[in-house]
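This briefing goes through one predicted protein model by topic. The structure comes first, and the notes follow.

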Amino acid sequence: MVVSGSADGRLRLWNVKEGSVVGYLREGHSAPVRCLDWSPNAREIASGSQDGTIRRWNPNTGRQIAPPIEAAHGWVNAVKYSPRGEKLASCGYDNVIRVWSKAGKLLIEIKEHDYSVNSLCWSKDGTYIFSGSGDMTIRKWQSIDGKELVVLRGHTNIVTSICLSPDERHLVSASEDCSVRIWDLNTNEQAGDPLLHDDELLALVIPSDGRYIASAG
């Protein structure tokens, strides 16, 4: 099953094999949905919207699980469950990363980026959070206290999407500078030359076997 978010504020569940809508998650967001994430156990979905809220959904009932989290980002650009599913990390147009309990309690705020934060990912053990920003940097943080550990510089325009390789030896980033870049997390340097598109990039993903990178703009 695949979930999608729309400019109408609704989420839709799709049967992948048939390409048909099998359910709607209704009556929630009042503005376009910008980001989605499945919980690690696939029992719930988190959504972030231009209405400034994060909402948790039960995909079986189509209903919200808890009151919305007022994220204070303006637009919520990314929301990601921690690997054990007990926390949510979010980011947005206010340049801030926030970590929440699932009940909506604010645990930490990270305010070191100089421009909007567009993409997030967790390390597998939940120790670290990585972020990509409009300030053209990618940063690594301790998730327990928000301490900045590494700043990766090389992109010449907004970083739109980041993803960790399955073995966590590399991080891959996409940018409006029309490039995909691969970063060696042992040296914190770029690995090889940038992979170039003809126009700006908006998203990328790495499959579970780590053999390929898919990027789109």
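**Backbone, pockets and salt bridges**

Asn188 is partly exposed, with a relative accessible area of 28%; partly exposed is the range between buried (under 20% relative accessible area) and exposed (over 50%), with a 1.4 Å probe and protein chains only. The model is predicted, so local features need pLDDT of at least 70 and side-chain atom pairs count only at pLDDT 80 or more, while totals for chains, interfaces and linings use all residues. Residues are numbered from 1 along each chain as its sequence is written, and side-chain values use heavy atoms, with hydrogens and water left out.

**Overall form**

- The protein has zero helices and 23 strands, where helices (H or I, at least four residues) and strands (E, at least two) are DSSP runs numbered from the N terminus.
- The radius of gyration is 17 Å, which agrees with the value near 17 Å for a compact globule of 217 residues; it is taken over C-alpha atoms, and the globule rule is 2.2 Å times the number of residues to the power 0.38.
- The C-alpha trace spans about 45 × 40 × 30 Å along its principal axes.
- Of the 217 residues, 45% count as buried.
- Among contacts (heavy atoms within 4.5 Å) with a separation of 6 or more, 36% are between residues 24 or more positions apart.

**Positive phi**

- Most residues other than glycine have a negative phi.
- Asn188 has a positive phi, near 60 degrees, and is found in the loop between strand E19 (179-184) and strand E20 (189-190).
- Asn95 also has a positive phi, of about 75 degrees, although it is not a glycine.
- The loop that holds Asn95 runs between strand E10 (87-92) and strand E11 (97-101), and the residue is partly exposed at 22% relative accessible area.

**Cavity**

- Cavities and pockets are found on a 1 Å grid over the protein atoms alone: a cavity is a set of points where a 1.4 Å probe fits but cannot get out, a pocket is an open set with protein on both sides within 12 Å along at least five of seven lines, and lining residues have an atom within 4 Å of a point.
- Grid points are joined across faces, edges and corners, and a volume is the space filled by probe spheres set on the points.
- The count comes to one cavity of 30 Å³ or more, and the largest cavity has a volume of about 30 Å³.
- The lining of the largest cavity consists of Phe130, Ile138, Arg139, Lys140, Val150, Leu152, Leu185 and Asn188.
- Strand E15 (137-142) and strand E16 (148-153) each supply at least two residues of this lining, and E15 gives the most, with three residues.
- By class, the cavity lining has five nonpolar, one polar and two charged residues; Ala, Val, Leu, Ile, Met, Phe, Trp, Tyr, Cys and Pro count as nonpolar, Asp, Glu, Lys and Arg as charged, and the others, Gly among them, as polar.

**Largest pocket**

- The largest pocket has a volume of about 1300 Å³.
- Its lining holds 45 residues, and Asp37, Lys80, Leu120, Cys121 and Ile162 lie nearest the centre.
- Elements that give two or more residues to this lining include strand E1 (2-5), strand E9 (76-81) and strand E13 (117-122).
- E4 supplies the largest share of the pocket lining, six residues.
- The pocket lining divides into 26 nonpolar, 13 polar and six charged residues.

**Salt bridges**

- The whole structure has 12 salt bridges, each a side-chain nitrogen of Lys or Arg within 4 Å of a carboxyl oxygen of Asp or Glu.
- Glu44 and Arg56 form one of them, at 2.7 Å from N to O.
- Glu44 lies in the loop between strand E4 (33-38) and strand E5 (45-49) and Arg56 in strand E6 (residues 53-58), so the pair ties together parts 12 residues apart in sequence.
- Both Glu44 and Arg56 are buried.
- Asp94 and Arg98 meet in a salt bridge at 2.6 Å, N to O; Asp94 is partly exposed at 22%, whereas Arg98 is buried at 8%.
- Lys111 pairs with Glu109, with the closest N and O atoms 3.5 Å apart.
- Lys111 is exposed at 56% relative accessible area, and Glu109 is partly exposed at 35%.
- Salt bridges that share partners join Asp94, Arg98, Glu109 and Lys111 into one network.
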